[in-house]
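Me: Please show me the structure that we are to discuss, and then let us work through some questions about it.

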Amino acid sequence: MDLDAVTKQSALHAKPDGLTLQYGTAGFRTKAEHLDHVMFRMGLLAVLRSKQTKSTIGVMVTASHNPEEDNGVKLVDPLGEMLAPSWEEHATCLANAEEQELPRVLLDISEKAAVNLHQDAFVVVGRDTRPSSEKLSQSVIDGVTVLGGQFHDYGLLTTPQLHYMVYCRNTSGRYGKATIEGYYQKLSTAFVELTKQAFCSGDDQRTLKVDCANGIGALKLREMKHYFSQGLSVQLFNDGTEGKLNHLCGADFVKSHQKPPQGIEMKSNERCCSFDGDADRIIYYYHDADGQFHLVDGDKIAALISGFLKEPLLEIGDSLSLGVVQTAYANGSSTRYLEEVMKVPVCCTKTGVKHLHHKAQEFDIGVYFEANGHGTVLFSKAAEMKIKQLAEELEEDKKRKAAKMLENVIDLFNQATGDAISDMLVIEAILALKGLTVQQWDALYTDLPNRQLKVKVADRQVISTTDAERQAVKPPGLQEAINELVKKYRLSRAFVRPSGTEDIVRVYAEADSQENADSLAYEVSLAVFQLAGGIGERPQPAESPEQFLDDSPLFS
């Protein structure tokens with residue numbers, strides 16, 4: 001490691017005095033003008049991680065659903081998964097080191113992680129369409145090259161596509177070809193194969209309107225759509241030709257505001273969906289005949305997919321375990337539907353994709369979707385091998401078709417991460433095969449009315465939770481107060497959890513009516529304010545639903 005060269009190059013990407021950032025589930029995110037030094041240093045870190053794992057590591061320049069003026073960076077581990085927690089700590093330490101400390105911090109990380117500095121390193125880089133992304137991507141490359149790492153710059157990619165590239169490279173092409181063409185071919189071939197029987201008449205052309213959030217998803221979906229055009233016609237809106245990234249559009253906007261994005265015309269009962277800015281989330285919605293807006297969120301995506309998977313699993317008669325992983329934010333009706341109607345096991349974990357992903361790996365087939373539409377289906381290696389074996393060996397036609405169907409689903413999911421394009425194709429295939437309209441899908445169960453609020457506190461660390469964040473352990477008396485408030489309303493539940501980034505406490509409440517959900521959320525907020533050191537204005541009962549809106553990104 002040539003520390004003199006690192007010091008010299010780092011001076012060209014100098015850290016602003018006093019700036020402190022934390023690497024979290026979403027990597028680093030802030031205003032783009034503050035990130036040049038972070039990008040350079042994440043290039044350095046990616047080389048060290050590559051040397052340690054003897055694998056290709058990915059670096060994605062994106063801020064997902066954040067406003068266009070923001071940017072961010074996240075590292076992708078060898079099998080397309082999120083960065084290991086111990087390396088999140090290294091990332092934070094490296095990003096916040098003052099210039100003169102940088103060489104020492106690099107050596108400390110190398111020693112703690114037992115990095116063989118003589119090992120070769122290879123890093124792949126991708127970026128979204130933000131105006132700042134190209135320059136910041138170059139800063140990453142500067143960091144990679146100064147430590148002697150090799151790199152491949154894929155340029156414009158969705159975040160899931162970069163995860164796919166990393167996974168392909170580290171499995172020697174067994175997962176797929178590490179090219180954008182390879183990605184398109186793998187997913188579209190599986191979609192066409194899966195939907196053959198649904199579209200065999202040749203006149204069942206289905207149309208889907210897609211809000212691309214003025215982001216990278218528009219560019220990539222436009223390139224890809226001719227691959228599967230026989231079975232599905234996609235009409236792109238908010239495609240980046242005009243309008244700002246994520247402004248009044250995209251999955252996060254639709255979910256938070258419970259209304260359609262700007263820039264899309266909706267006729268009654270038309271299927272519409274929205275991606276987020278880096279195309280790793282998807283939300284469906286429609287207007288009914290009376291013009292009322294209906295959101296079909298990640299909970300209903302999980303219900304649709306797990307219900308579909310259960311049928312071929314029962315047909316082949318194998319004992320592969322299927323389970324759904326949720327967070328406390330999953331609507332109570334979805335949990336009851338899965339457990340009581342579909343008879344699918346459900347478990348709950350802490351908020352954050354990494355917790356969901358880890359828990360899903362405990363099943364042979366694990367389904368997870370956050371309510372915001374970020375999720376996927378994970379097949380264990382044993383399940384994948386078993387299904388492929390059955391597809392070849394089963395003699396009974398019906399059983400063989402069921403195994404082949406599962407095999408196509410395996411190929412269609414980007415198992416490395418949540419992927420809006422992949423998820424869209426799976427959903428469209430299931431709706432076509434089951435002959436379901438979007439209204440029928442939405443009618444699987446009725447969501448309980450709910451409300452999310454936030455309360456400012458002097459110190460969020462006074463709140464401590466257990467039971468996947470559904471029970472407050474501290475401060476004393478808070479959970480008891482919540483329990484008493486919940487008893488006042490039918491079909492109700494409520495929980496509180498501290499923010500991971502700021503001194504606020506998030507409140508969630510459900511009840512049998514919107515009025516009761518609003519009242520419960522308000523009363524729980526008041527209890528938090530009184531018992532957990534609330535600051536500023538006391539929570540007030542709202543006169544209109546808009547006043548209740550918590551528009552902060554809960555699941556970044």
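Me: At which residues does UniProt place the feature "binding site"?

Reply: This is a predicted model, in which local features need pLDDT of at least 70, side-chain atom pairs count only at pLDDT 80 or more, and totals for chains, interfaces and linings use all residues. Residues are numbered from 1 along each chain as its sequence is written, and side-chain values use heavy atoms, with hydrogens and water left out. UniProt positions are given here in this numbering, with shortened feature names, and annotations may be inferred rather than shown by experiment. According to the unreviewed UniProt entry, the "binding site" is at Glu370, Ala371, Asn372, Arg497, Pro498, Ser499, Gly500, Thr501 and Arg506.

Me: Is Asn372 buried or exposed?

Reply: Buried means under 20% relative accessible area, exposed over 50%, and partly exposed in between (1.4 Å probe, protein chains only). Because its relative accessible area is 3%, Asn372 is buried.

Me: Which residue has a side chain joined to that of His294 by a polar contact of 2.8 Å?

Reply: A polar contact is a pair of N or O atoms within 3.5 Å; within protein, one must be able to donate a hydrogen and the other to accept it, and residues adjacent in sequence count only if both atoms are side-chain atoms. The side chain of His294 has a polar contact of 3.4 Å with that of Asp442. The polar contact of 2.8 Å joins the side chain of His294 to that of Asp288.

Me: How far apart in space are His294 and Asn269, C-alpha to C-alpha?

Reply: In sequence, His294 and Asn269 are 25 residues apart. Their C-alpha to C-alpha distance in space is 9.6 Å.
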